[in-house]
Amino acid sequence: MAQASHLSLAQLKVMSAIENCRTAALGGHVEACEDCGHWRIAYNSCRNRHCPRCQGTAARTWLAEREADLLPVGYFHVVFTLPTEVADIAFQNKAVVYDLLFRAASETMMTIAADPKHLGARIGITAVLHTWGSAMTHHPHVHMIVPGGGLALDGQRWISSRPAFLLPVRVLGALFRRLFLTRLIELHGAGRLAFFGTNTGLADRHLFRRHLAPVRKKRWVVYAKPPFAGPEAVLAYLSRYTHRVAISNRRLIAFDKTGVTFCYNDYRRDGPERQRVMTLAPHEFIRRFLLHVLPRGFHRIRHYGLLASSARKASIARARELLAVVSPPEPVEELEPLDRLPCPCCGGRMAIIEIFERWSQPRAPPHASAPTGGTPS
């Protein structure tokens, strides 16, 4: 690859994983139907979290674990977005600034919710980091799914929010701006931020503060959507957002050596005009996709308050008790992997009859196990 020297090791690993996903390079197995004998080759997936093809199974597994945490209340969708001037700094300091985005946004929500002038309760939050806009440009923001209410600060009652209102977005935006900028300046003072290219001058303390001066006067928009129509809608939403990558396969329209064509939403337009089509040169398409590779070990899904892992079970149980809701039964353990598809011919159970290693091909299955004229699907 001509631009390989300009890519990080993490980006190169993502590209390699996606290129080899579900090919002989990763090995695989042969499955045969126990009823009709139909057989097929199934190559292993890369399971890289940036791969568009591998997120379906991961999302279903994650959602099955989250289903037991849902409460019979309205759920709100709140979005915290970084302004462009800060997003540029975030791109060159992903691990530090993305983490700060999570911490500042969650603390903002928890602080305002606990204020007796607003909700006066301890709420739960599931937060998901997205770093892209619809056209795959760099646009870091955090999506939050928040139950419409929380436990009273003494833990003795459940306090519900208003049906269509959780917390005032202007108040959230002001506190979020203050918390984020204060801590960003602290990170700069501690020497934890790095600057490259046109941003090199921001290493100077005075230039850095001057760069942030206009941002201090801006209104930081926090967007809150109306509540979902029940827990099922929450799960449907989460299935679309938690394991999403910069672009999904369904948005791709055409691609060849001259360009990649895909659909996107232009949010500056309304109505049917919002749906647009864009064609990018292959190297520009790959560059935009790789903008969103996360640092190794960085958690893009986090839980806070009632849903924090350390006290989630106890908090959810207490909330159910106060809401007079029966706890759901323990989920039955799956006997088959979630990505094991049934037989395409008869819907029967597919069993593994052979496993082959990386860069190998399977032996041809016995003629008796395959239907006449059958080939791997």
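**Exercise 1. Determine which residue's side chain forms a polar contact with that of Thr131, and describe the setting of Thr131.**

Solution. Step 1: the side chains of Thr131 and His292 are joined by a polar contact of 2.9 Å; such a contact is a pair of N or O atoms within 3.5 Å, and within protein one must be able to donate a hydrogen and the other to accept it, while residues adjacent in sequence count only if both atoms are side-chain atoms. The model is a predicted one, in which local features need pLDDT of at least 70, side-chain atom pairs count only at pLDDT 80 or more, and totals for chains, interfaces and linings use all residues. Residues are numbered from 1 along each chain as its sequence is written, and side-chain values use heavy atoms, with hydrogens and water left out.

Step 2: Thr131 is placed in strand β5; strands (E, at least two residues) and helices (H or I, at least four) are DSSP runs numbered from the N terminus.

Step 3: Thr131 has 1% relative accessibility and therefore counts as buried (under 20% relative accessible area, with exposed over 50% and partly exposed in between; 1.4 Å probe, protein chains only).

Step 4: with residues up to four places away in sequence set aside, Thr131 touches Tyr98, Thr137, His138, His139, Pro140, His292 and Leu294; contact means heavy atoms within 4.5 Å.

**Exercise 2. Describe the largest nonpolar core and the surroundings of Phe180.**

Solution. Step 1: the largest nonpolar core has 51 residues; a core of this kind is a set of buried Ala, Val, Leu, Ile, Met, Phe, Trp, Tyr and Cys residues joined through side-chain atoms within 4.5 Å. Those with the most contacts inside this core are Leu82, Met109, Met144, Phe176, Phe180, Leu184 and Phe208.

Step 2: at least two residues of this core come from each of β3 (75–81), α3 (84–92), α4 (94–114), β5 (124–132), β6 (138–147), α5 (169–189) and α6 (205–217). The largest share, 11 residues, is supplied by α4.

Step 3: leaving aside neighbours within four places in sequence, Phe180 contacts Leu82, Val86, Val97, Leu100, Leu101, Ala104 and Trp220. Another core, of 21 residues, lies apart from the largest one and includes Val73, Tyr75, Phe228 and Ala319.

**Exercise 3. State how many helices and strands the protein has, and what share of its residues is buried.**

Solution. Step 1: the protein has nine helices and 14 strands.

Step 2: of the 377 residues, 46% are buried.
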